[in-house]
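Look at the sequence and the structure first, then read the points below.

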Amino acid sequence: YVRGVELLEEIIAMEDASEPVRRKALQLALDVYYQHGVHKDIVRLAQNAIETLSGTEKLHRWYGYWAGSSFQLDEIDTFKNVTRACIKRYESILGEEPVDCYSHMAKVHLFEGNLKASFDLLMRKYQILLSKWRDHFLLLCPSVLVPLSINEPENLRHIPHKQSLVVNPNLTNELTTSPCSTQQWPIQVSQTGERAECKENDWDIMKCFTNSEQKTVLYRLQDVYVRDNVQLIYHKEGNQCYNYVSEFPYPMDVTFPHEFSQASGEAHISKPLKEINNAMLFHYLPESYHHILVVGLPKLILALQSSDVQNISEMKILVRPNKFIAEYFELLGVSHMLEAYEPHLYRYHVTNLYSIEWMFEHDLNQLFIEKQVHFADFYVPPPSVLQLAASTVRQRVPAEILKKPRNVIVALHRLSNDRAILNPTYTYQMLGYVAQLYGLELKLQGAFADGESLNDKMEMFHRAVAVVGVHGEGFSNMMFCQEGTAMIELPVYPSKVSVYSRMASILHFPYYSVPSALSYHYGDLTLSNEAIYALEQTLYDALHSLGLSKLN
């Protein structure tokens, strides 16, 4: 790897190297740096390409690398400036759009609170990429984007089989819903122990949506193909294709379609076609523990209790299996329904593909302008669904765990990379000291590379009186917590809605924030003495509010 990069760097530096050779060397070296997360070198090579290569073909790709790596390096101003420079440069370039800069510009708009502009750019990028869509035989089949989470008739207007799309317009009509928490803002605690509402930005407000504001729809997508790791779904009608996208616009650049290279295209065609009669989607990000527990599991639980789904014969759940997915299917007693999705081995055709989605009833443009919804709200389940899911998994907590005392403080530990605390010893010493004062136990979740078993997580969180940690997937385990458990989240920037404040509101957990511990979403952090002390005062407040007292 090292010697290969050195050779590529030598070619890039050669004054007499032809431009096609330099262009290829730049791309290969950049690919290596990208695979290893060496963002400073990515920025350097992208700048080199922009300054020295002639022509404008795929120029936006280099801008995209530069902007994306600047973002990873917490150079937000550079990220914004490079992205804007890319968009501006292409204003004078005819016949090509800066596709690789659109998703970055969408982020800029998102961070600046202009959700409508962000949404429109994401739509535009999808539409451009789908204009080059190819079917399962790699024949060109320009495709229409159909976001399943958006309730706008024009999305379905041109679809020949649209009458069969919606099976049930609101699956939650039969569900009972408890009102959401009355807490409106996160609680922050000063160094003197005084409480206040945390109003650092507009998105800090806590809220949830009623069943009438956010409906739960069951779709039946007929005669569709599913491909790629993220389960891209499309239907072909003549020479026209239709791509169905779940949770849009949340996926951002995760589910953007890509062009096949000649080699990957030939490999795709050579795979056998697997036919499935009735299947349901679980989630397109099965490696994400957060999305599996917060989105996939509630959809599965809702489907299992819905008569619309119960009456479908030989229903399969199409998902890429892994350890924790297998554990959750076993917990619910539906392992027999799991259909392993293996896109590296097969192409997939499904006669009837079912998908559960939540969608907002009100005009999206107005909701965006008024900042009533954030992109994360397109995947967080409505209150009735999340409450049903939490109640269901709690009912399956083993009896031997239920007998144990509720006396645990859970600290969410991240081993490395994004949002790891670099000085955990001082933090955990403080948390252990507070736990000892109250006769509690301190347990670390995520401290081992191979993770805990489902039973371990159930026990840890069901016994918890408080959960403490940096913003991250560990908070998803609040699904196992008993009502009243305090959630203490160390916030991140750039500012956005914390899905865990949404979940805390729905599931009735007091929710705290520690602004002095603010850190970059894509970086690690070192907690200052001030932040550790603020966290300590916050934990005291949470424990007192739960009626706990220090031991004599």
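At what angle do the axes of helix H2 and helix H4 cross? The axes of H2 (residues 19-35) and H4 (residues 59-72) cross at roughly 30° and come within 13 Å; axes are lines fitted to C-alpha atoms, for helices over the stretch in contact, and angles run from 0 to 180 degrees between N-to-C directions. H2 is therefore roughly parallel to H4 (angles under 35 degrees count as roughly parallel). Helices are DSSP runs of H or I with at least four residues, and strands are runs of E with at least two, numbered from the N terminus.

This is a predicted model: local features need pLDDT of at least 70, side-chain atom pairs count only at pLDDT 80 or more, and totals for chains, interfaces and linings use all residues. Residues are numbered from 1 along each chain as its sequence is written, and side-chain values use heavy atoms, with hydrogens and water left out.

**Disulfides**
- The whole structure holds 3 disulfides (pairs of cysteine sulfur atoms within 2.5 Å).
- Cys-86 in helix H5 and Cys-101 in helix H6 are 15 residues apart, and a disulfide joins them with an S to S distance of 2.0 Å.
- Cys-141 is bonded to Cys-241, so parts 100 residues apart in sequence are tied together.
- Cys-180 is joined to Cys-208, S to S 1.7 Å.

**Burial**
- Cys-86 is buried at 0% relative accessible area, whereas Cys-180 is partly exposed at 21% (buried means under 20%, exposed over 50%, partly exposed in between, with a 1.4 Å probe and protein chains only).

Note on methods
Angles under 35 degrees count as roughly parallel, over 145 as roughly antiparallel, 65 to 115 as roughly perpendicular and the rest as oblique.
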